[in-house]
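Visitor: I am new to this structure and would like to learn how to read it. Could you walk me through a few features?

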Amino acid sequence: MIICLPIEDRRRSYAFYQEALGLKPVGEPDEDGIPEPLQFGLADDVNLMLIPTGGFSWVLGDQPAAPTGQSECILSLRVDSEDAVDALAAQAIAAGAKEVTAPTRKPWAYLTTFTDPDGHLWMVDTA
């Protein structure tokens, strides 16, 4: 399975996903030192592929991606503790994420939400 997201800047996204979420890139580096296609391993047989917006629109059949500020999905990471939620939120903010929901206790989980540099919504939670 490959989850694809549109991005504006390969270098920025390459750095963000390593620094903010600790993801490891997949594939051999291209001439610019960044794997092409730009992918990160999420789990066995599950990758996240980041596609420049123009190419993403082409893949969609020449339709535009969702406008900035509009999320079509929530990408979620589950961690082991509230401290881990807090730490990952701080790490993401330091790497360029924008906080949407500060770490907080909800009836179903302790969670935080933030957007990556391209506006994709991420949730980090623990039960």
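Guide: Gladly! Let us begin with a pair of charged side chains: Glu82 forms a salt bridge with Arg105, with 2.7 Å between the closest N and O atoms. Here a salt bridge is a side-chain nitrogen of Lys or Arg within 4 Å of a carboxyl oxygen of Asp or Glu. Glu82 belongs to helix 3 and Arg105 to strand 6, so the pair ties together parts that are 23 residues apart in sequence. Helices (H or I, at least four residues) and strands (E, at least two) are DSSP runs, numbered from the N terminus.

Visitor: What kind of model is this, and how are residues numbered?

Guide: This is a predicted model, in which local features need pLDDT of at least 70 and side-chain atom pairs count only at pLDDT 80 or more, while totals for chains, interfaces and linings use all residues. Residues are numbered from 1 along each chain as its sequence is written, and side-chain values use heavy atoms, leaving out hydrogens and water.

Visitor: How many salt bridges does a search of the whole structure find?

Guide: The general idea is that side chains of opposite charge can pair when their charged atoms come close. In this structure the search finds five salt bridges. One of them joins Arg10 and Asp32 at 3.3 Å, N to O. Arg10 lies in helix 1 (residues 10-19) and Asp32 in the loop between strand 2 (25-26) and strand 3 (38-43), so this pair ties together parts 22 residues apart in sequence. Another salt bridge brings together the side chains of Asp118 and Arg12 at 2.8 Å, N to O. That pair links distant parts of the chain, 106 residues apart: Asp118 is in the loop between strand 7 and strand 8, and Arg12 is in helix 1.

Visitor: Is Asp118 buried or exposed?

Guide: We read that from relative accessible area: buried means under 20%, exposed over 50%, and partly exposed in between (1.4 Å probe, protein chains only). Asp118 has 15%, so it is buried.

Visitor: Which strands form the open sheet, and in what order?

Guide: To read a sheet, follow the pairing: two strands pair if DSSP finds at least two bridges between them. Four strands form this open sheet in the order 5-8-7-6, with mixed pairing. Strand 5 (74-78) and strand 6 are the edge strands, each pairing on one side only. Strand 6 (residues 98-105) and strand 7 run antiparallel, joined by five bridges, and Lys98 stands opposite Thr115 in strand 7. Strand 7 also pairs in the antiparallel sense with strand 8 (residues 121-126), over six bridges. There, Thr113 stands opposite Met123, and Thr112 opposite Val124. The hairpin of strand 7 and strand 8 has five residues between the strands, and Gly119 takes a positive phi near 90° in it.

Visitor: Why is strand 7 largely enclosed by the rest of the structure?

Guide: Six of the six residues of strand 7 (residues 110-115) are buried, so the strand is largely enclosed. Tyr110, Thr112 and Phe114 point one way, and Leu111, Thr113 and Thr115 the other way.
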